[in-house]
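This briefing covers one protein chain, grouped by topic. The sequence and structure are shown first, and the notes follow.

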Amino acid sequence: ALTIYAGCVWNTFSLLRPSPGAMHKSAQAVKAATQLRAMALPTTALVTLTLLSGPFVAGNDAGRAYNTWPKMLDDWVPPEWWSFISSPLEKWRALFEETAVVQFNHRMLAYSSVAASLALWLYSTQLPLSAAAAGASSLLPVVLGGQMFLGIATLMLYVPIELGVLHQAGGVTVLTTLLYVLHSLRLPVAVAAVL
């Protein structure tokens with residue numbers, strides 16, 4: 001469903017927003033978009049992995065089992081995670097089925113995603129980007145930070161249905177923002193053909 005949604009959003013952006021040539025009017029702006037895009041793609045992969053780990057948290061009721069923050073009950077790193085790490089090839093299913101491992105991974109991915117989006121934004125402030133690309137990249141840390149705090153609130157309040165659904169909707173908002181950033185960093189056809 002999210003793949004279809006992403007395709008629809010991307011096509012909508014393509015219809016409603018100006019072409020990359022009109023957005024990046026100077027060679028300097030095109031070069032800056034190329035540089036930021038190189039960092040935006042791994043950030044997108046990390047955030048996508050975080051979004052994909054969320055349903056495993058919900059499916060395992062991990063938010064109800066470990067509803068403390070910043071620690072998971074009394075541990076910074078749960079013993080189940082250390083057990084998994086000791087022999088990951090034998091215990092690979094723990095990534096999907098072990099409540100503590102699933103939630104710990106989602107938390108660490110969320111922290112990493114927020115840090116990566118902040119780094120992306122900080123890097124974007126150093127580049128001579130077009131206004132559209134600069135504005136889009138400044139949205140990402142705000143949306144991801146809000147999603148992380150919403151996730152923490154959902155967790156600490158023992159996952160009320162309303163907040164759980166809102167957190168899932170926040171995941172779709174993060175995906176939409178990522179698509180907006182990537183769409184803003186598209187390169188003009190002539191430049192993209194050379195790369």
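Is Asp-61 buried, partly exposed or exposed? At 48% relative accessibility, Asp-61 is partly exposed, where buried means under 20% relative accessible area, exposed over 50% and partly exposed in between, with a 1.4 Å probe and protein chains only. This is a predicted model, in which local features need pLDDT of at least 70 and side-chain atom pairs count only at pLDDT 80 or more, while totals for chains, interfaces and linings use all residues. Residues are numbered from 1 along each chain as its sequence is written, and side-chain values use heavy atoms, with hydrogens and water left out.

**Overall layout**

- The protein has ten helices and zero strands; these are DSSP runs numbered from the N terminus, with helices being H or I of at least four residues and strands E of at least two.
- Its C-alpha atoms fill a box of roughly 55 × 35 × 30 Å along the principal axes.
- Of the 195 residues, 41% are buried.
- Among contacts (heavy atoms within 4.5 Å) with a separation of 6 or more, 77% join residues 24 or more positions apart.

**Nonpolar cores**

- A nonpolar core is a set of buried Ala, Val, Leu, Ile, Met, Phe, Trp, Tyr and Cys residues joined through side-chain atoms within 4.5 Å.
- The largest core holds 23 residues, and Leu-36, Leu-129, Leu-140, Leu-144 and Leu-185 touch the most other members.
- Helices α3 (27-59), α7 (99-125), α8 (131-156) and α9 (161-184) each supply at least two residues of this core, and α8 gives the most, with seven.
- Beyond its neighbours within four places in sequence, Leu-36 contacts Leu-120, Tyr-123, Ser-124, Leu-127, Leu-129, Ser-137 and Leu-185.
- Another core of eight residues lies apart from the largest one, and includes Tyr-66, Met-72, Phe-84 and Val-101.

**Helix packing**

- The axes of α1 (residues 2-16) and α9 come within 10 Å and cross at roughly 40°; axes are lines fitted to C-alpha atoms, for helices over the stretch in contact, and angles run from 0 to 180 degrees between N-to-C directions.
- The two helices α1 and α9 are therefore oblique to each other, given that angles under 35 degrees count as roughly parallel, over 145 as roughly antiparallel, 65 to 115 as roughly perpendicular and the rest as oblique.
- On the α1 side the contact includes Leu-2, Tyr-5 and Trp-10, and on the α9 side Val-172, Leu-175 and Leu-182.
- α8 and α9 pack at about 165° with their axes 9 Å apart, and are therefore roughly antiparallel.

**Phe-13**

- Phe-13 is found in helix α1 and is buried, with a relative accessible area of 15%.
- Not counting residues up to four places away in sequence, Phe-13 touches Thr-176, Leu-179, Tyr-180 and His-183.
- The C-alpha atoms of Phe-13 and Met-148 are separated by 26 Å, and the two residues are 135 apart along the chain.

**Backbone exceptions**

- Most residues other than glycine have a negative phi, and most peptide bonds are trans.
- Asp-61, in the loop between α3 and α4, has a positive phi near 50°.
- Val-159 also has a positive phi, of about 50°; Val-159 lies in the loop between α8 and α9 and is partly exposed, with a relative accessible area of 22%.
- The peptide bond from Trp-69 to Pro-70 is cis, with omega near 10°, and Pro-70 is found in the loop between α4 (62-65) and α5 (79-86).
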